[in-house]
Structures are given as C-alpha cells and as structure tokens.
Amino acid sequence: MRKSKLSASSLSIGYLQPPSVLAQDLNLDLYGGELVCLLGPNGAGKSTLMRTLCGLQGLLQGSIEIMGRCLSGLSPKERASCFAVVLTERLQLGPFSVRDLVCLGRHPHTTGFGRLRPRDEAVIEWAMQCTDIAAIQARHVNELSDGQRQRVMIARALAQETPLLFLDEPTAFLDLSGRIEVAKLLKHLARNTRKAVLMSTHDLDLALSVADRIWLMGGQGAFQTGAPEDMVLTKAFEAVFCGKDILFDRMRGSFKARQAFSGVIALKGDGLRRFWTAHALEREGFKIIPQEGRQEPCVEVLEDGAGWTSRFRGRHQKHASIYDLVTAIRALKEDRDLSRENGGDI
Amino acid sequence: MGAEIIKERDGARPEGFSVHPDTSVSRLMFRRNLFGSLLALAFLLSAHGAQGEEVQTSEGCVSNYDQNKDYFPDKLKVDHAEGFEVSYHKHYKRVKVAAPWKEGGESFEYVLVQCGTPAPKGFEQAQIVTVPAKTLIVLSTTYFYFVEGLGLLDRLIGIANFKRVNSPAILKLIARKKIAEVGRNVDLNLEYTARLNPDIVMTYGTGNPYRDSYGPLMQFGIRVGVFAEYMEPTPLGRAEWIKFMALFFNREKKAALLFDNIARQYEAVKQGTKKVATRPTVFTGKSIDGTWYMSGGNSYMAAFLKDAGAHFLWSDNTSRRSLHLDFESVLKKAADADYWLNTGLWKSLAEGRAEDARYAFFAAFKAGRIYNNNALLNSEGGNDYWERGIVNPHLVLADMIKIFHPELLPDHKLEWYRPLE
Amino acid sequence: MAKPFNIAHCFISGRNRPSRAVLWGMLSFMLIFLFLLALSVGSVSIPLETTLDILMHKGEDLVLHRIIWDLRFPKIFTALLAGAALSVSGLQMQTLFRNALAGPFVLGINAGAGLGVALVVLGTGAGITLMGNAGLIAQLSLFLASILGAASVLIVVLSLSQRVQNNVTLLIVGLIFGMMVNSLVSVLIYFSEPEEIQSYLIWTFGSFRGVTWDKLAVLAPAILSGLMIALTTVKPLNALLLGETYARSMGLSLKSARRLIIMSTAILAGSVTAFCGPIGFLGIAVPHLCRGLFRTSDHRVLFPAVLLIGAALALISEIAAQLPGTQQTLPLNAITALLGGPVILWVILKRRIAVNA
C-alpha cells in the first residue's frame with residue numbers, strides 16, 4: 001500500500017470574494033516518485049488547485065493531508081518544508097547572482113540572519129548539480145536566458161528540500177529544446193529523489209510523453225485522472241478539449257483542426273513516406289480511400305525516394321517533393337473550379 | 001548730558017495723546033508742541049485772512065482751485081530713512097517706496113492729490129490718494145504710535161488684530177468699540193475691510209503674493225500705503241517713517257516736529273557714549289536648528305549697539321540682514337563676550353539651556369549677562385518693543401546704554417530689555 | 001590617493017572588481033578617514049596638532065576644547081547614526097514595496113511626526129513658534145510629540161497592513177496618508193505668523209548640529225534599537241525579493257515580517273526626523289549605491305553595506321554643508337539632494353545593473 005505524500009478528500013476549491021466554486025468533491029493523491037501533469041483549459045482552475053493544495057490559498061470544503069498531517073494544522077515554516085514551488089511570475093530583482101538565488105531556497109531551514117551551515121551548502125551544491133547550473137552560478141540572474149533562469153528557479157526549489165514540488169507552467173516561454181530539457185529534468189527528479197512532482201502545463205505532447213499520471217480539469221468542475229494512455233483511450237481529452245473545430249487524433253495523440261473534406265483521393269505506397277503523403281493530402285482536404293485498381297484521382301509514392309506520381313483530372317504528373325505534388329493538385333483543383341464558375345463543364 | 005534729559009519715569013502711562021512716555025520732559029515737549037501748533041495756526045489764519053474764501057487748512061478740502069498755488073507749504077525733509085522719497089508739485093505730491101522688501105522688490109508709487117484739486121494726468125501706475133485722508137486702517141502694531149503721535153486716532157477705523165495690542169490709546173479705542181478687527185495677510189477679512197471703506201490702509205509686504213495683504217486690497221480698489229520701515233538700517237531711519245504716514249494726512253509739520261524731537265533726543269543720548277573708555281563686547285541672536293542668526297554688520301541692531309557704546313563683534317561686515325553662522329564660529333568669537341542680546345522668546349536662562357545645553361559655554365550666559373527685549377509682553381505675546389520701541393529709539397538706546405554703561409544713566413530703569421535669570 | 005580611483009575604475013568597467021573583503025576594507029578606511037576629516041574641519045579652523053592635543057585632553061584653549069568635544073563630536077555621531085538609520089529604512093522600504101524610488105518616508109511617518117509637533121504647538125497657545133524657538137517645556141514635548149505622531153501613523157499603517165494583502169496597495173495608502181497629513185500641517189502653517197513660518201522652514205532644511213550630548217543620549221538608543229529590530233528583518237527581506245507568493249511558500253509570515261519592517265522603519269526614520277528634521281535622498285540613494293558597489297541584492301551583504309555607506313555619505317554631506325573655512329553654512333537637505341540625486345540617476349542609467357522598474 002503506497003503512502004501518498006499528499007491526499008485530498010472531498011476537496012472544493014474556489015474563491016470567497018466573489019463567491020465561485022471552480023471544482024468540488026475532488027479526491028486526489030500525490031505519490032513520491034511520480035510526475036503528475038495538470039492539464040486543462042484556461043479558467044478551469046489549475047492554478048487555483050495548485051495554490052490550494054500547497055496552502056497558498058484557502059480551500060472551500062474538504063481536507064488536505066500531507067504525509068498524514070492536516071495541511072491547515074501546519075505552521076508556515078512546516079508548510080515550507082513540505083512544498084517548494086516554481087511559478088510563472090517574472091522576477092524583478094536587482095543584481096543577484098545565481099548562487100545567491102539558489103541559497104534563498106534554504107530559507108525555511110536557516111535561522112536568524114540566514115547563515116548557511118555545511119549541510120545547507122551541500123544541499124545547494126546538489127541542487128545546482130541536478131539542474132546543471134553549477135557552471136553559471138556566478139552570473140547574474142538577469143543575464144540568463146529563459147531556459148537557464150527556469151533551471152535556476154527549479155534549483156532553488158530543490159534546495160528547499162521538500163517532498164513535494166509544484167510547478168506552474170514551467171515550460172511556458174521556453175523554446176522547444178528548453179521545454180524538453182525541463183520535462184526530462186522533472187521526470188528524472190521525480191524518479192531519483194522520490195519527490196512528488198506536480199506540474200501544470202498546456203503542452204499536451206510533453207505531458208503525454210513524460211507524465212506518470214495526468215490530472216485533467218475540464219470546466220465546470222469536471223475532473224479526471226489516469227495514465228496518459230488511459231486518458232486517451234477513455235476519450236478524456238476529447239471530452240474536455242474538443243469542440244466542433246477541434247479533433248483529437250487518438251492514434252497520434254495530438255489535436256488538430258477539424259476539416260471539411262472536399263474530395264477523395266486514392267493513395268498507394270508504404271511506410272513513412274506514405275504516412276506523410278497522406279498527412280499532406282488530408283491537410284489539403286482530401287479523404288484517403290484505399291486504392292482499387294486504376295482510378296482517379298490517385299497518388300502513388302514511388303520506391304527508393306524517386307518521388308511521387310499523381311493522376312488528377314486527367315493529368316498525369318511526376319513530382320519531386322510533396323510540396324510540388326500538393327501545389328500541382330491544388331492548381332488543377334482550382335482550375336476546374338474556375339472553369340465551373342465560368343460555365344464550362346467537364 | 002543724556003542723563004539730564006531723560007528723567008525719572010512716572011508709574012502710570014498717560015492716556016490719549018502722547019508719543020513719549022510720561023516723563024516731565026515729554027510733558028514739556030507736549031506743551032511746547034501744542035503751543036507751537038497754535039501759534040502756527042494763528043499765523044496761517046492771519047496770513048490768509050485777507051483772502052477770505054480761499055481758506056485752506058491742512059484738514060479740509062479746497063473750494064477754489066488755484067493752479068499756481070502751492071498747497072503744501074510744509075515740505076518734508078527726509079534725513080535718515082532711505083526707503084521712501086517725496087517730491088512736491090504744487091497741488092500733489094509724488095511718493096515712492098523703492099524696495100519695500102529684499103532689494104529688488106516691487107516698488108510702490110503714490111500721487112497724493114490735495115482734496116478739491118484735480119488729479120494730475122499721466123500717473124496710471126501709481127496709486128492716487130486724495131489727501132488728507134479721512135479714514136485709516138493700520139495692519140501692524142508698529143504704526144500705532146505713529147497714528148497717535150500725528151493725532152490721527154479719531155481717523156483710525158480698524159487694526160489687524162486685537163490680541164497683541166499694548167498701546168493704551170488703542171486699547172481704549174477697542175474697549176469703546178471704535179475700531180474694527182480686520183485681520184492681516186491670510187487672515188485678512190477682505191470684504192469686511194472693503195465695507196469699512198478706508199481711505200488708506202497701512203501695511204507692509206514680504207514679497208509673498210500668497211500672504212501679503214496689499215495685493216488683494218489693491219485689487220479691491222483700496223489704497224494701500226506700503227511701509228518698509230523694517231528695512232531701514234538705522235534706528236532713526238525706522239522712526240522717520242512717521243513722516244511717510246504724515247504725507248497722507250498733510251501732517252508733515254507735525255511729523256517733522258515729532259521726529260526732530262526724537263532725533264535730537266537720540267543724538268543727545270548718544271553723545272554720552274562718544275567718549276567712553278572701553279566698549280564692552282556684545283553679540284546677538286541664537287541658533288535655530290544648527291544655524292545661528294546674527295545681526296548683520298550694517299543692520300539696524302548693529303547701529304544701535306554702536307551708538308550705545310558697545311563693540312558688536314560682527315560689525316565688520318556690510319550685511320544689512322542677518323548672517324547665517326555656524327555655532328562653532330560664534331562660540332570661538334563670542335565665548336568671552338561681555339553681553340548677549342536678543343535671544344528670541346527666552347524668558348529665562350532655563351529656557352535657553354533646554355533648547356541647547358551648549359549655550360552655557362558662553363561667558364555671558366554663565367554670568368547672567370543676557371538681555372532680551374521682551375520685557376513688555378501682553379498676555380497674548382504681543383511685544384511692546386515693536387509698538388512703542390520703534391518710535392522711541394532714544395529710549396531703546398537708553399536701555400542699551402543702561403546695560404553697557406550703567407554709570408552713564410544711573411536713574412534710568414530698563415523698559416523693554418530685561419536681564420534673563 | 002590610489003584607492004578611491006581604483007574603486008571608481010572597477011565600478012565603471014565592471015572588470016577586475018575588488019573582492020568583497022577588499023571592498024569592506026576600503027569602505028571602513030574611508031569612514032575612519034571621513035570621521036577624522038569631520039573632526040578637523042569646521043567653520044573655525046583648528047590646526048591639526050591642536051586637535052590632537054584636545055583629543056588627548058591636553059589642550060589649553062577651553063573654547064577650542066568645547067568646539068571639538070561638544071560641537072563636532074555630537075554632530076559627527078548624529079550624522080553617522082542618522083545616515084545609517086535612514087539608509088537601512090530606505091533599503092527596507094525599497095524591498096518591501098519592490099520600488100526603486102521608495103525611501104524611509106513613504107509611509108507618511110515623517111508627516112505624522114510633523115503633525116504631532118504642529119498640534120503640540122497649537123495646544124500650548126498661539127504665538128509660540130513652531131520649532132527650535134520654543135520654551136523649556138515645549139522643547140521636551142516637541143520631541144515627544146513628534147515620536148507620538150510618528151507612532152500614531154505607524155499604528156494606523158500597521159492595522160491597515162493587516163487588512164491589505166498587496167504591498168503595492170499599502171504603499172499607495174501610505175503615500176496618500178502622508179500627503180493628507182502634510183496638507184494638514186500646511187494648513188496649520190498657513191495661519192501662522194511669518195516668524196513661525198520661518199522657523200518651520202528652517203526645520204525643513206534638516207540639520208545634524210542641533211543635537212547635543214544629552215539629546216544624543218536619547219537619539220542613539222532609539223536608533224540602535226531600531227537597527228536591532230531591522231537586523232531581524234534581513235532574512236524576511238531576502239525572501240521578499242522574489243515576491244510575496246514565493247516568500248510565503250518559503251514559510252515567511254507576511255504579517256509578522258511587515259510588522260517588524262514597519263516598526264523598525266518608523267523608529268529609525270521617526271527619531272531621525274524628530275531630532276534632525278526631515279532629511280531626504282540619503283534613504284533612497286544609499287541602497288542603490290550599495291547594490292551597485294557590491295553587485296548583489298542579498299540583504300545579508302546590503303545591511304552592513306548601507307550602514308557604512310549611509311554613515312559615510314551623511315558625514316560627507318555634513319562636511320560639505322559646512323563650507324569649510326568659511327563662516328557660512330548651507331542647508332543640509334540641499335547638499336543631500338545634490339549628492340544623492342546624481343547617484344540615483346547614475347545607478348539607474350547603468351543598464352548592467354537592472355534596477356526595479
């Protein structure tokens with residue numbers, strides 16, 4: 001029986017002024033060693049949930065327990081020994097070195113003037129190692145790139161030495177490699193330090209690839225949880241995100257805009273090239289049908305990377321790239337449409 | 001020689017008409033003045049008796065204007081005061097107050113036209129006042145004794161503030177409800193003043209348009225005589241402003257008589273100190289928040305101290321206003337000075353010590369040789385020094401001589417100055 | 001002297017910065033130097049040998065002796081204490097409100113002190129001038145009144161701060177409160193006599209010289225206790241650097257942190273104002289100077305730094321206001337503005353040291 005680090009029962013979150021309930025009757029658990037991603041549209045209450053769980057905001061109903069103890073019974077200092085946060089707030093600092101910022105994480109553990117003892121120094125070193133910022137520790141925080149700064153804030157949270165780590169959209173403002181870095185780091189931390197890591201994000205791809213569990217908040221208090229794959233199979237994402245314009249592709253695990261099909265086309269070929277050719281044709285508005293004999297319109301993927309051939313509106317063409325293929329077909333389509341407008345017929 | 005002139009003062013103050021304190025000398029002066037005026041009047045009347053209907057007294061308006069006639073036979077000579085000048089032009093006088101505050105302040109010009117004669121053209125910038133003015137409001141206690149001396153108490157219809165008045169004549173007018181209280185500067189009750197409709201209001205200016213009374217009054221069309229007597233660097237210069245007031249009432253002759261008297265007495269008193277063997281050293285003022293405000297070398301106080309036979313330690317500069325000094329330099333120079341004068345509001349040495357314990361370093365403090373000019377205060381803090389003291393510089397001088405050279409005036413008792421204990 | 005040049009050079013180029021230890025050493029040396037300079041320079045020129053004699057109680061001239069011991073020493077200690085006090089409270093206010101232009105007087109405490117004094121004066125009757133010119137009892141009650149005034153404002157601000165979540169709101173409340181109180185004081189002054197206004201005006205110039213040894217016996221403990229309380233705010237202030245949410249997540253009790261900060265600022269700024277008048281610019285400029293010099297916002301470094309530099313700058317202002325050699329003096333606030341203003345501008349314009357906007 002696993003012991004959860006955080007356990008919430010019948011939790012209702014929201015605001016008193018003006019009174020609004022964002023979600024109610026939630027039963028949640030966070031376990032050490034797991035990375036949980038919190039997903040949901042804006043306004044669903046992700047930030048509110050995180051703030052409530054770590055005590056920065058009051059709950060409306062229910063209870064939260066941290067390792068067996070009631071959250072409301074903890075003093076601020078005890079709470080600070082349980083939770084460390086990384087937020088999206090922009091820092092407004094004067095000159096401040098990276099190392100000094102990481103040292104701030106030791107705040108709940110130091111006394112009086114804030115003098116650092118050997119143990120504190122050791123934890124700080126470890127935090128910087130984990131996040132790979134030891135090389136830049138002498139630089140000023142304001143001179144760093146967004147990705148570096150994010151790692152520094154994570155290091156600070158690590159230095160706080162807490163069993164629970166909450167991150168509010170840590171991958172926002174980061175470029176692709178930055179996002180992947182951070183996600184990998186968090187996964188690694190969850191596993192190796194046995195911390196319970198909760199991060200909210202809009203990055204579904206990333207969540208699907210790294211999360212051990214997903215908490216999905218739909219609006220109006222809807223809440224689902226499970227492994228990412230479970231959520232896909234139970235159509236959880238569709239329920240929350242899809243609308244008449246958004247589709248969730250359960251094969252690929254991604255969202256796309258719903259398109260109206262304007263025609264059909266047969267496709268012949270295998271493998272990766274066929275997959276991506278189909279992708280382009282669908283993007284162009286064609287529904288792919290299985291090939292049966294020689295029919296029009298159709299596209300064939302040639303072997304050994306020799307290119308593509310297409311037969312469309314009586315024109316038989318060869319193309320060197322997908323772009324050529326699609327552009328040619330589009331041109332033909334438009335010609336035909338134009339001539340139809342002009343009264344011609346075929 | 002000075003001792004012979006200043007005699008013992010009686011206890012009670014005289015009521016009514018008296019510029020000088022009640023000394024036997026002043027009674028003599030009074031009688032002489034009255035006699036002199038009567039004589040002059042008789043002479044004037046007899047001289048013009050032949051020209052019947054053209055009787056012109058200094059009190060009334062002219063009925064038939066003669067443009068060749070000089071309506072101001074008594075012309076002022078101003079010897080000591082630098083702040084105003086007058087020129088006579090047959091039926092009008094031109095008066096100018098050049099710099100009524102700080103060098104370079106706005107100047108004020110007046111054209112005083114004899115009542116019954118036409119106002120001259122071409123003086124749009126000046127204030128045109130018909131003289132003699134019939135009603136008067138004064139906004140500073142310093143002018144009370146000018147008013148009294150010139151015999152204008154019956155024309156006085158208002159003063160600024162009833163609370164700080166020392167002058168018995170004014171107090172009597174207040175008691176008899178003959179004069180109104182109109183306020184001053186920001187407290188000035190403009191509408192009330194306008195309703196009283198004075199011919200002339202006498203006040204001073206400080207150059208601060210938000211506080212000075214003259215601006216609003218003039219905008220209301222009220223004539224304002226701007227006094228700058230406090231800018232004068234000599235005691236007699238200050239007292240001579242009685243002549244400025246007199247100009248508005250055609251009382252030049254009276255003013256001249258009064259002032260000559262004062263000047264003579266002042267000179268007489270001053271004579272006594274010309275041959276003193278030693279001049280005791282003296283310094284003035286005190287420190288306010290780290291800056292010591294010391295009388296300037298060319299200031300009116302410096303003139304007083306010199307005339308009183310003292311050696312003012314800061315007389316070697318040309319400043320007419322106060323010097324801003326550092327406590328250190330004052331201590332260095334005046335630590336062993338004999339006397340210390342004019343210490344603000346102190347009524348006792350204890351007050352001084354409470355303000356700053358370091359005042360006790362001065363020999364004058366330790367020996368109790370500090371004299372402050374607040375001996376005569378009324379219950380609200382009004383200081384008679386600024387009322388009667390200004391018109392009696394010879395008596396103030398006497399006070400000072402009594403401090404520095406008591407042997408010269410054995411019978412004189414200090415009036416405005418008192419030693420601090 | 002090579003050292004000041006070196007500092008300036010390093011500061012400007014940002015390269016080859018002296019280590020912190022060297023910096024501390026240089027600053028301490030400078031402070032000692034300034035102390036000795038202030039002792040030997042004044043409107044009365046006293047030759048160095050005489051000064052040394054007097055310091056060892058061997059001088060013969062009583063007046064010079066008094067000048068050194070009773071005029072210069074108290075003024076120097078006052079300047080040191082006041083400079084330190086104002087700089088520390090300025091540092092606190094800048095961090096608490098995350099505002100580069102905050103200073104010791106943003107909470108309207110100074111205004112409260114002024115109002116307290118004005119009320120006492122009116123209460124004891126018309127005709128008594130506002131400050132520095134009043135009689136025996138009034139003098140004592142002036143000091144008490146200003147402390148009480150500052151304390152009252154403090155209490156109001158504190159109770160408001162319990163209710164107000166946001167520090168920015170508190171800042172605005174404090175500023176407006178200060179403005180209201182100041183306008184009340186203006187009204188009182190407006191109806192005063194010219195002599196009283198002159199006294200008040202002189203008070204606003206600020207001065208270290210009015211403080212005698214017996215007054216220092218009250219001022220020094222007040223400032224020292226304020227500094228000790230401020231010492232306990234160093235850690236909370238560091239936490240506050242990241243913002244209130246982070247600070248709370250690190251276990252900081254915002255309420256008690258605010259209470260300590262406001263209390264120490266009130267004591268520090270209030271007692272300096274009570275004895276020396278309102279002194280501007282030091283509280284705002286010195287923290288910036290320290291951040292630039294030590295290149296950090298860590299309050300464990302800044303706290304002692306502002307003590308040293310604040311004291312030094314106050315001494316420099318006092319020496320400059322003296323116009324050494326002449327008998328004339330300048331108002332202290334004019335000098336602190338002339339010295340402090342360019343410092344603030346210069347630090348803000350140096351982009352490399354990003355200051356709060």
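**Helix packing and nonpolar cores**

In chain C, residues Leu282(C), Val286(C), Pro287(C), Leu289(C), Cys290(C), Arg291(C) and Phe294(C) of H13(C) meet Val301(C), Leu302(C), Ala305(C), Val306(C), Ile309(C), Gly310(C), Leu313(C) and Ala314(C) of H14(C), contact being defined by C-beta atoms, placed from the backbone, within 7 Å. Helices are DSSP runs of H or I with at least four residues, numbered from the N terminus. By class, 13 nonpolar, 1 polar and 1 charged residues form this contact of H13(C) with H14(C); Ala, Val, Leu, Ile, Met, Phe, Trp, Tyr, Cys and Pro count as nonpolar, Asp, Glu, Lys and Arg as charged, and the others, Gly among them, as polar.

The model is predicted, with local features requiring pLDDT of at least 70 and side-chain atom pairs pLDDT 80 or more, whereas totals for chains, interfaces and linings use all residues. Residues are numbered from 1 along each chain as its sequence is written, and chains are lettered from A and ligands numbered from 1 in the order in which they are written.

The largest nonpolar core holds 168 residues, of which Val102(A), Val197(A), Ala82(C), Val306(C) and Ile309(C) touch the most other members. Such a core is a set of buried Ala, Val, Leu, Ile, Met, Phe, Trp, Tyr and Cys residues joined through C-beta atoms within 7 Å, a buried residue having 20 or more other C-beta atoms within 10 Å of its own. Helix H14 (residues 299-322) of chain C gives the most to this core, namely 14 residues. Beyond neighbours within four places in sequence, Val306(C) contacts Ser87(C), Val88(C), Leu91(C), Val286(C), Pro287(C) and Cys290(C).

Technical notes
A residue is buried if 20 or more other C-beta atoms lie within 10 Å of its own, exposed if 12 or fewer, and partly exposed in between; C-beta atoms are placed from the backbone. Helices (H or I, at least four residues) and strands (E, at least two) are DSSP runs, numbered from the N terminus. Two residues are in contact if their C-beta atoms, placed from the backbone, lie within 7 Å.
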